[in-house]
Each structure stands twice: as structure tokens, then as C-alpha cells.
Amino acid sequence: MTNDPKAPGLRRAPVAELPQVHQIVLPTPWEVGPVQIYLIEGDPITLVDTGVRSEPSRAALAAALDALGVGFEDVRRVVLTHHHGDHLGQAQSLRSAGADLEVLAHEAERELVENFSEDREEDIVATRALFTEHGVPGELLDRQAEMRRRWISEDPVLCEPTRVDRELRSGDRIGFKDFDLEVIHAPGHTAGHLLLHEPCSRTLFTGDHLMGDAVPFTETYYESGAPDPRDPLARRPRFRGLPAYMASLRELRGRSFRTILPAHGGIVERPSRCIEDAILFYEVRVQRIERALEKLSAECGATAWEIWCSLFPKADPVTQMRTRMLMVIGGLDVLEDAGRAVPERRADGVIAYRPR
Ligand SMILES: [Zn+2]
């Protein structure tokens, strides 16, 4: 393998104290760049994540396994950090290759792994409802939905659903001959994202929760169930990724890790700096959202969409709306939880916020 950490290939035993673990870098066609998965030798041979389902990704995985003397059919266990396509993508292909495979994922990811769908029509409809409630004009949402449907129809299918054989929760252990991995539930990027910790070497597998070169977006979406009767605004229950992400990072703060093995961005040798950087990244953004709210809301409060327009005047409202809107809504969730913003429902049903 070359010294370029982004080149597809195999990096053997990147953690000297944990020689059973190898990093495999697989290509994705996406802006995020290649994804890093991990093979753990031992009984059973285990993969942490699987890469996208594409021919270049399959070939790169086959070459790396071959170099380790492992066939597809020898992989007996897959642990998924979360359900996104560059993590779940090839799990079913491994199973179809004849492997007697056990797939493990957090209980909150099970449905998303088993019913993964590239068509994501439900997601488009749910995002539309969420953004409408937060003030985005219908005409922009029409254009955004049209763009996403076109993008989905032109995109090759890079992921397949698969069966989850074992649901994981915080504190569970995944056993190997010489060591155990401890499961840590770390919601935020997704509701059931998990981390794996090897306590002797203090190595943490982080998926997208902590990365070497980026900070993940956090999901926000409606969940099933009736509105909380204690909520005066009668809002639908919602997974609120950013407050969950911040809380989970703060829990990691007190623990001393030596090495992070992430899904993107090489290997992290200074875990506490990486954790602090991710906290600071979002603290700065929440501050900017709070300042925009104070500036805009003199008379009748401000919606998430009005804050978006004020913070990103040059961004394209169709192609660049989604992740930034999720961040603004997430920032307002953080401010609301901290008692620094108060939501209210306008006559047209849209939610606006006032600073406190
Ligand atoms: Zn992800």
C-alpha cells in the first residue's frame, strides 16, 4: 500500500498492541472519499463495516482479504457501526458469497438495516414535513424533492438490506479469543450509531462518529408515535441528532483512549483532541445560530429557514439546503434544551423561536 492514506488497499496492524486488527480502505464514488473498514483476525473472523456495494469496492475488498489469506466465505461476523451505504453496502454480498455470516447492529438501526431502500421516498416525504414545519417555502421543497428523486434514479444501487442476527446495546461485549470489544451507543450521526472499544490497547472504532478529517452531519427526523402531551406545541416526536451527538461526545471526554480507528480520514493518534475539535465545531455553529436568532427575532421570532437564509446568503437553496437546515434545526434543539431559545407555533403552523 502507498503512503497515501486515501489510496484503496490494506494497512496491516495499524495499532501495534492490537495486531489482529487490519485497516482496509475501499473506494466510494461519493464526495466523502474512501471508507475505512476493519478486519479482525481470530475466531470468528470479523469485519467492522463493509464498504459500498460496487465492483471497485468488491475488488478492493477481495484483494485485501486475499493479501491476508482470507476468503469472502471465511468472514463469519460483521459489526455495523450504522446503516449508511458505505458501512452496510456489501454485508448482504458477503452473506450471498456463501459465508455463514452473523450481522450485528445496534437495536435502533435494525429496521434501517433490514429495510434499507435506495428509493427513500418516505425520507423525502418526512424531510418535507419537517422543513415545512420549520418555514421552508413549498416551492423550494418541490424543487428539492424533484432533484433528490432524479439523483436517486440516476444513482447506481450501492447498498442492499440484510438481516440483523444480533441487536447490540451499550455495555454489550463482542468476544474474540484474546479480547473483547465493548459496545458504546453513540447516537447523533444516526440514532443507533455505535462505537467499539478495546480496553487493553484503549482503541476505539468510531465509524462516522469521530473521523480523522471531518465532523459528521447529524440526522433529524420524525419518529412514529403521538406528540408528547406535555409539549404545548404538540410537536411530533423526533430524533434530535445534534443534542444527542453533543451529549455522546461529552461522555467520551472523560475517558482516555489511545487510538481512534475511524471510517474516514486515516488513523487518529490524538483522540482527546479529535473529541474536543468535534465539540468545538458544533459549539461554534450553535453560537452563530444563536446570534442570528437574536438579530432576526426582534418582532415575531425567527424560523429555522430565516436563520438559514441569514447564515448562508450565498448557498444554493435547492442543492445546499438539506444538511445546513438539519444543522440549524439541530442548533435550535440545543438552544431550546439549554433554555436559550423558546419555540412557538405561528398561525400558519410554522415553528418560530425567540431567544431567551
Ligand atoms: Zn454515515
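## A tour from a helix pair to a sheet

The helices α7 and α8 cross in a left-handed way (left-handed if the near helix is turned anticlockwise from the far one by less than a right angle, right-handed if clockwise). You are looking at a predicted model, where local features need pLDDT of at least 70 and side-chain atom pairs count only at pLDDT 80 or more, while totals for chains, interfaces and linings use all residues. Residue numbers start from 1 along each chain as its sequence is written.

**Stop 1**

Select residues 241–253 for α7 and residues 271–296 for α8. Helices here are DSSP runs of H or I with at least four residues, strands are runs of E with at least two, and both are numbered from the N terminus. The axes of α7 and α8 lie 10 Å apart, at an angle of about 150°; that makes α7 roughly antiparallel to α8. Axes are lines fitted to C-alpha atoms, for helices over the stretch in contact, and angles run from 0 to 180 degrees between N-to-C directions. Angles under 35 degrees count as roughly parallel, over 145 as roughly antiparallel, 65 to 115 as roughly perpendicular and the rest as oblique.

Now show the side chains. From α7, pick Leu-242, Met-246, Leu-249, Leu-252 and Arg-253; they meet Ile-275, Ala-278, Ile-279 and Tyr-282 of α8. Contact means C-beta atoms, placed from the backbone, within 7 Å. This contact has eight nonpolar residues, no polar ones and one charged. Nonpolar covers Ala, Val, Leu, Ile, Met, Phe, Trp, Tyr, Cys and Pro; charged covers Asp, Glu, Lys and Arg; the others, Gly among them, are polar.

**Stop 2: two domains**

Colour domain 1 (1–117 + 157–269) and domain 2 (119–154 + 293–356) separately; such bounds come from an automatic or database domain assignment. Their centres, taken over C-alpha atoms, are 29 Å apart. Where they touch, 13 residues of domain 1 contact 17 of domain 2. On the domain 1 side, β12 (220–222) and α7 each give two or more residues, and α7 gives the most, with four.

**Stop 3: the open sheet**

Next, find five strands in the order β8-β9-β10-β11-β14, an open sheet with mixed pairing. Strands pair if DSSP finds at least two bridges between them. Select β8 (173–175) and β14 (259–262), the edge strands, each pairing on one side only. From strand to strand, the twist averages 25°.

Finish at β8 and β9 (residues 180–185), which pair in the antiparallel sense over three bridges. Zoom in on Arg-173, which stands opposite Glu-182 in β9.

Technical notes
Two residues are in contact if their C-beta atoms, placed from the backbone, lie within 7 Å.
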